[in-house]
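My notes follow in the order in which I looked things up.

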Amino acid sequence: MKKTLITVALAIAALSGCSSTRYEPSTYSSNHSRAYNIAEAGGLVTGIQDASVPRDKLERLTDTKTFGTAYVLSGYMSPQLGMTSWKGGLLSLANWAIGPKQHGARNSLIAWMPSKEAVSPIDAQAKMLSHVKVSIESTLSGLGADFSLIYEKNGNLRYHFYKDKWKCPTWVNGQSKIADMCSIRVRIVEPLTGSAPRFISGVKGPVYAFTSGHETQYNYIVVTNGTASHAPQKIIYTALSKQLPAWAYLYLAPKTVHLENGEKIKFPYLLEKGTPEFFVYPKD
């Protein structure tokens, strides 16, 4: 009897181990936005919502030329976009209540690396870190900011960047505090193995899936301003995304991204190669 119980326990442990490293792709739900489907496929579930929009208004709402002006600061209810006359109104994404520990409340990176790019999950983690480092360093150089990689260990990176125009100071020993510094923090965890969802751009078949559903061990790139700084985080995130592979996405949570004037973007969105993908879908 004792031997049987041990055998069963080992079998359960083995199955648990397999399930923890295997990624199962999700199917596309036509009742949700593309942003919602991508986020869910990447493990972002709690605190993730989307809203339906009349089909004839959707094009104006998702026109990236207005991004950062009309509805960034006021949610989706904007007179400039002709939205306030909708019968019954539109749920404002800016007013969603998201718990502090929910997936929707934190910035995350999700990605599906083609399996041919790495020989193992550990190798894939290193390759993803390399992609991120190139993205960060190319972005900061392109924006005229100096930078230093001050920490690199166990999948974690921390950059400090400096630019007078943004009031991002250089470090002065004995005087500066961490809170004074403009920084970019990164965490890339070891990915799962599986198959890519059919609706993910730039990849098919076997992948290393960098999901971000775990409570603490999830992937992210987080841009932080110093106490007196005003680095344009939206511009930085957009440039970072442009430099990442097509199969990598940034999820940016509500009120976590600053514009150069200090205002916060009030709603969540994804970035795909620098293009915002919003949590809205057409309603006939």
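The entries below start with the ground rules and then go element by element.

**Ground rules.** I am working with a predicted model, in which local features need pLDDT of at least 70 and side-chain atom pairs count only at pLDDT 80 or more, while totals for chains, interfaces and linings use all residues. Residues are numbered from 1 along each chain as its sequence is written, and side-chain values use heavy atoms, with hydrogens and water left out.

**The sheet.** I took helices (H or I, at least four residues) and strands (E, at least two) as DSSP runs, numbered from the N terminus. I counted two strands as paired if DSSP finds at least two bridges between them. Seven strands form an open sheet with mixed pairing, in the order S1-S7-S8-S3-S10-S11-S12. S1 and S12 are the edge strands, each pairing on one side only. I then looked at S11 and S12, which run antiparallel and are joined by four bridges. In this part of the sheet, Tyr269 stands opposite Phe278 in S12.

Next I noted the helices on the sheet. For contact I used heavy atoms within 4.5 Å. Axes are lines fitted to C-alpha atoms, for helices over the stretch in contact, and angles run from 0 to 180 degrees between N-to-C directions. Helix H4 (residues 121-142) packs on the sheet and touches S3, S7, S8 and S10. The direction of H4 makes about 120° with that of S3. H5 also packs on the sheet, where it touches S10 and S11, and its direction makes about 45° with that of S11.

**Strand S8.** I used buried for under 20% relative accessible area, exposed for over 50%, and partly exposed for in between (1.4 Å probe, protein chains only). Strand S8 covers residues 206-210, and four of these five residues are buried, so the strand is largely enclosed by the rest of the structure. I checked which strands pair with S8. S3 pairs with S8 in the antiparallel sense over four bridges, and Met113 stands opposite Tyr208 in S8. Strand S7 (residues 192-195) also pairs with S8 in the antiparallel sense over four bridges. There, Leu192 stands opposite Ala209 in S8.

**Ser108.** I picked this residue in strand S3. Leaving aside neighbours within four places in sequence, Ser108 is in contact with residues including Leu44, Ser212, Tyr218, Tyr249 and Tyr251. I also looked up Arg187: Ser108 and Arg187 are 79 residues apart in sequence and 9.4 Å apart in space, C-alpha to C-alpha.

**Helix H2.** What covers the buried residues of H2? I first listed those residues: Ala35, Tyr36, Asn37, Ile38, Ala39 and Ala41. Helix H2 (residues 34-41) has six of its eight residues buried, so it is largely enclosed by the rest of the structure. The cover includes strands S1 (22-23), S3 (108-114), S10 (248-252), S11 (269-272) and S12 (275-278). Just after H2, Gly43 takes a positive phi of about 90°.

**Gln233.** This residue lies in helix H5 (residues 233-243). Gln233 has 3% relative accessibility, so it counts as buried. Apart from neighbours within four places in sequence, Gln233 is in contact with Val223, Thr224, Asn225, Thr256, Val257 and His258.

**Cysteines.** How many disulfides does the structure hold? I found one, taking a disulfide as a pair of cysteine sulfur atoms within 2.5 Å. Cys168 is joined to Cys182, with S to S at 2.1 Å. The pair links distant parts of the chain, 14 residues apart: Cys168 is in the loop between strand S5 (156-162) and strand S6 (182-187), and Cys182 is in S6. The torsion about the S-S bond of Cys168 and Cys182 is about -75°, so the disulfide is left-handed. Both Cys168 and Cys182 are buried.

Most residues other than glycine have a negative phi. Asn154 is in the loop between strand S4 (146-153) and S5, and counts as exposed at 66% relative accessibility. Lys167 is in the loop between S5 and S6, and counts as exposed at 55% relative accessibility.
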